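Please open the structure in your viewer and keep the selection panel at hand. The tour goes from one selection to the next, with a short account of what is there at each stop.

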Amino acid sequence: MLKPLRWPRFWLGLWWLAIAVTITVCLIPPPPLDLPPNSDKVEHFLAYFVLATSAVQIYRTRAALLWAGVGLVGLGIGIEGLQSAFTDNRMADAMDALANTVGVLAGMAVSLTPMRDLLLRLRG
């Protein structure tokens, strides 16, 4: 299921840590920044693109990548629900969930390129 990396469990653990950090950042109060409207969609896209691209670097089989992708899309949608249900300073936004999903799809598309084995080539 995992690629033959030098430290596969380390990379897998780091990926799971990144997921935990993403969940935490999405559920804590947002920093008081004066950003242009809807600029957070870029942040959503990039976060899920990095998570999905990381999964491509770690998982070897198509089935594992499919499950990782489905799980990340579910996470992106679920976090929006959690923000609405459990926070007073955040709200669910369907466009955030869409940006998350597009980020996952773009990250998974890396599996169709030579960049899919970048971590292997770096002797990770």
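At what angle do helix α1 and helix α2 pack? Before you select them, note that this is a predicted model, in which local features need pLDDT of at least 70 and side-chain atom pairs count only at pLDDT 80 or more, while totals for chains, interfaces and linings use all residues. Residues are numbered from 1 along each chain as its sequence is written, and side-chain values use heavy atoms, with hydrogens and water left out.

**First stop: α1 and α2**

Select residues 8-27 for α1 and residues 40-58 for α2; the two pack at an angle of about 165°, with their axes 10 Å apart. Helices here are DSSP runs (H or I, at least four residues), numbered from the N terminus, and axes are lines fitted to C-alpha atoms over the stretch in contact, with angles running from 0 to 180 degrees between N-to-C directions. The two helices α1 and α2 are therefore roughly antiparallel to each other, a term used for angles over 145 degrees. Their crossing is left-handed, meaning that the near helix is turned anticlockwise from the far one by less than a right angle, whereas clockwise would be right-handed.

Now show the side chains of W11, L12, W15, A18, I19 and T22 in α1, together with Y48, L51, S54, A55 and I58 in α2, since these residues make the contact (heavy atoms within 4.5 Å). By class, this contact of α1 with α2 has nine nonpolar, two polar and no charged residues, where Ala, Val, Leu, Ile, Met, Phe, Trp, Tyr, Cys and Pro count as nonpolar, Asp, Glu, Lys and Arg as charged, and the others, Gly among them, as polar.

**Second stop: α2 and α3**

Select H44, Y48, L51, A52, A55 and V56 in α2, which meet L65, A68, L72, L75, G76, I79 and E80 in α3. The residues of this contact divide into ten nonpolar, two polar and one charged.

Among the residues that make the contact are G69, V73 and I77 of α3 and A97, N100 and V104 of α4. By class, the contact of α3 with α4 has eight nonpolar, four polar and two charged residues.

Definitions and conventions:
Angles under 35 degrees count as roughly parallel, over 145 as roughly antiparallel, 65 to 115 as roughly perpendicular and the rest as oblique.
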